[in-house]
Amino acid sequence: MSKKQFLAAMYLRLSRDDSDVGDVTDREGSLKSESNSIGNQRELIRAFIHKQQDMELYDIYVDDGFSGSNFDRPEFKRMISDIEAGKVNCVIVKDLSRFGRDYIESGRYIQKIFPALSVRFIALTDHYDSFQADPSESGIVLPVKNFINDSYCRDISTKVKSQFEVKRRNGECIAAFVPYGYKKAPNNKNRLVPDEYAADIVRKIFAWKIEGMAVSAIAKKLNGLGILSPKEYKKSTGINYRGGFSGGARAQWSNSTVKRILTNEIYLGHMVQGKSEKINYKLKKSVAKPQEQWIKVENTHEAVISKDQFQVVQNLLKTDSRVSPVTEEVSLFTGILFCKDCGEQMIRRVNRYKDTQKVYYICSTKNRGEGCTRHSVEEERLRELVSEMIRHYANCFLEERRMFEKALEMEINFESIIRYDTEIARLKGEQEKYTSLCSGLHEDLRQGVVTKEEFERLHEEFKRKASEFEAAQKRQEDMIKELFKNGVTSAARLKMVQESAEIKEIDRYTLCSMVKKIEVFEDRRLEIEFYYKNQYRMMCEVNKRIKQDRNKETPYGQGEFADKAKRGCPGAHTSMSKKQDRNKERSA
């Protein structure tokens, strides 16, 4: 048999966007994991080669599932290596679009690189053969066809991005790999459901953080317990996971992995997508988008972490959690205790003398020698005071909640609560003040009290202030609406408050769940900012107004709530003892 003149490379490509995917069965009945279109391309080119007297097939190169918008494809690169090694001198494709859809790069290969390497190029259905093409076909027809293929690729990219945008705004998950703790629903790949094993690990990570463990200590504990990292766990379930945070042979839990879990709102049941985007359809590189451009849809799937837990953790992560070199845990008050004067964190100091030690906190600014004063407070005394105030606050909260729930049973309407809320009244007053100032400026301008430039500047400033107070008023009203819709406390929050009312000794979990900030005065007085203070304040005001309304007239009064009392509404005559009144005022 005479030696063939051309050693041909059969190049086949199909992208995910234009694939005709199906299972192809060979003669033995086993399934081939390739698309029918790849098989069609192969048979077409094989039949062509069989008819050529001077051509022999050297190898088949298949890029199944790769876009034609660029040439970063494994089998294409292998083919080019064989060409450069002199093993191949002819490339055959079904059509120009199978070779590539990039107008510039396709032309560079076909018109420059292949001729320089004496490689024959054939596109069967486009009827192009570089050895037989005349100059007009190579110089005009071929570039036009490549340009059309490029335009098609750009059009497909735009349509796909539009579809993804719609899915994101509908709260559908379009990611190839879901976050740790979730899996795709069996009957809907765009909806998430909890993966119970991984979701339980996520709950433990949040609980450990609240209990006082540093991020590094959590990662070390997970590795010590032999718990698979998110990447390894996905692999263990049979997922062909390719992450951007791969490390060594076996991925371990790291600080960044734990931090990503602790800050991911997906565990609240919210879908947050569109954090990055590709530079263009020809490049794989993506750039991060500003947070205000992310697409967030709330309550799209089941939450594995409560809103209260998540907020506590976010507040703790904002502070510098200094870790003990011995226990690798943060101290009880780290991230919560601050100096009232300079606003810096208080730091823990231990004085040891013989067999005794004294633990206290001092201002970190003073410790660095940068001013302020010591604000020194002993840890044991601090524990006692904070424990007492938490118990007191929890008991007052529960009592106010009981009275407020009674008020709801009397069918108090939303408008009545709005009328009683002093914060809304204050915000409304501020809004009306700046609205009035805006109106008065017109008269000042007419009388020449202000110039046109001053008018425009002041008018814009007053208008902005009025809008800010209006927005704050709307947020306050939304909070009250939420109380009417879902009650004052969730089951988890109510359980935490009830447990706090009975604590003997404060622990980190209870402290972080109930207290947002503790500020220390120089004279050792404490100012504590509790969580749920807006709900507490609103309940106090409503309960106080109800009590006043009942006592306006005898025996029942003539107010709205007094009328309900006359009809025998439950809880209408509930009152607090003087001691309870004093306790409530102390807490407030």
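Reader: To begin, how many aromatic pairs does a search of the whole structure find?
Author: The search finds 28 aromatic pairs. Please keep in mind that this is a predicted model. One of the pairs joins phenylalanine 76 and tyrosine 109 in an edge-to-face arrangement, with 5.2 Å from centre to centre and 85° between the planes.

Reader: Which helices do phenylalanine 76 and tyrosine 109 lie in?
Author: Phenylalanine 76 belongs to helix α2 and tyrosine 109 to helix α4, so the pair ties together parts that are 33 residues apart in sequence.

Reader: Are phenylalanine 76 and tyrosine 109 buried or exposed?
Author: Phenylalanine 76 is buried, and tyrosine 109 is buried too. Both also belong to one aromatic cluster, whose members are Tyr11, Phe71, Phe76, Phe99, Tyr109, Phe114, Phe121 and Tyr128.

Reader: Let us stay with α2. Which residues of this helix are buried?
Author: Helix α2 covers residues 74–84, and its buried residues are Glu75, Phe76, Met79, Ile80, Asp82 and Ile83. They are on the same side of α2, because they cover an arc of only 160° around the axis.

Reader: What do the buried residues of α2 pack against?
Author: They pack against the strands β1 (6–14), β4 (55–64) and β5 (90–93), and against the helices α3 (96–99) and α4 (103–116). Just after α2 comes glycine 86, with a positive phi of about 80°.

Reader: In what order do the strands of the open sheet with β4 and β1 run?
Author: This sheet has five strands in the order β4-β1-β5-β6-β7, and the pairing is mixed. Its edge strands are β4 and β7 (128–129), each of which pairs on one side only. Helix α2 packs on the sheet and touches β1, β4 and β5; the direction of α2 makes about 150° with that of β4.

Reader: In which sense do β1 and β5 pair?
Author: They pair in the parallel sense, over three bridges. Methionine 10 has isoleucine 92 in β5 as its bridge partner.

Reader: Where is histidine 127 found?
Author: Histidine 127 is in the loop between β6 (120–123) and β7. Its phi is near 55°, which is positive although the residue is not glycine. Most residues other than glycine have a negative phi.

Reader: Is histidine 127 buried or exposed?
Author: Histidine 127 counts as exposed, because its relative accessibility is 67%.

Reader: And tyrosine 532: buried or exposed?
Author: Tyrosine 532 is buried, with a relative accessible area of 11%. Its phi is also positive, near 65°, and the residue lies in the loop between β19 and α18 (533–550).

Reader: Which strands form the open sheet with β19?
Author: The order is β14-β18-β19, three strands with mixed pairing. The edges are β14 (337–339) and β19 (526–530), each pairing on one side only. From one strand to the next, the twist averages 25°.

Reader: How many bridges join β18 to β19?
Author: Five bridges join β18 (residues 515–520) to β19, and the two run antiparallel. Within this pairing, valine 520 stands opposite leucine 526.

Reader: A change of topic: how many residues are between β15 and β16 in their hairpin?
Author: There are two residues between them, and lysine 354 in the turn has a positive phi of about 55°. The strands, β15 at residues 346–353 and β16 at residues 356–363, pair in the antiparallel sense over eight bridges. Valine 350 stands opposite valine 359 in β16.

Reader: Finally, where does pLDDT stay under 50?
Author: Among such stretches are residues 19–36, for which the model has 25 contacts beyond four places in sequence, and residues 553–588, for which it has 66 such contacts. Where pLDDT is low, the predicted coordinates should not be read in detail.

Reader: What does the protein chain average in pLDDT?
Author: The chain averages a pLDDT of 78, and 75% of the residues score at least 70.

Definitions and conventions. Residues numbered from 1 in each chain as written. Predicted model: local features only at pLDDT ≥ 70, side-chain atom pairs only at ≥ 80, totals over all residues. Heavy atoms only, no water. Pairing = 2+ DSSP bridges. Helix = DSSP H or I, 4+ residues; strand = E, 2+ residues; numbered from the N terminus. Buried < 20%, exposed > 50% of the residue type's maximum accessible area, 1.4 Å probe, protein only. Arc of directions from axis to C-beta. Contact = heavy atoms within 4.5 Å. Axes fitted to C-alpha atoms, helices over the stretch in contact; angles between N-to-C directions. pLDDT = per-residue confidence, 0-100. Phe/Tyr/Trp six-rings, centres within 6.5 Å; stacked < 30°, edge-to-face > 60°.
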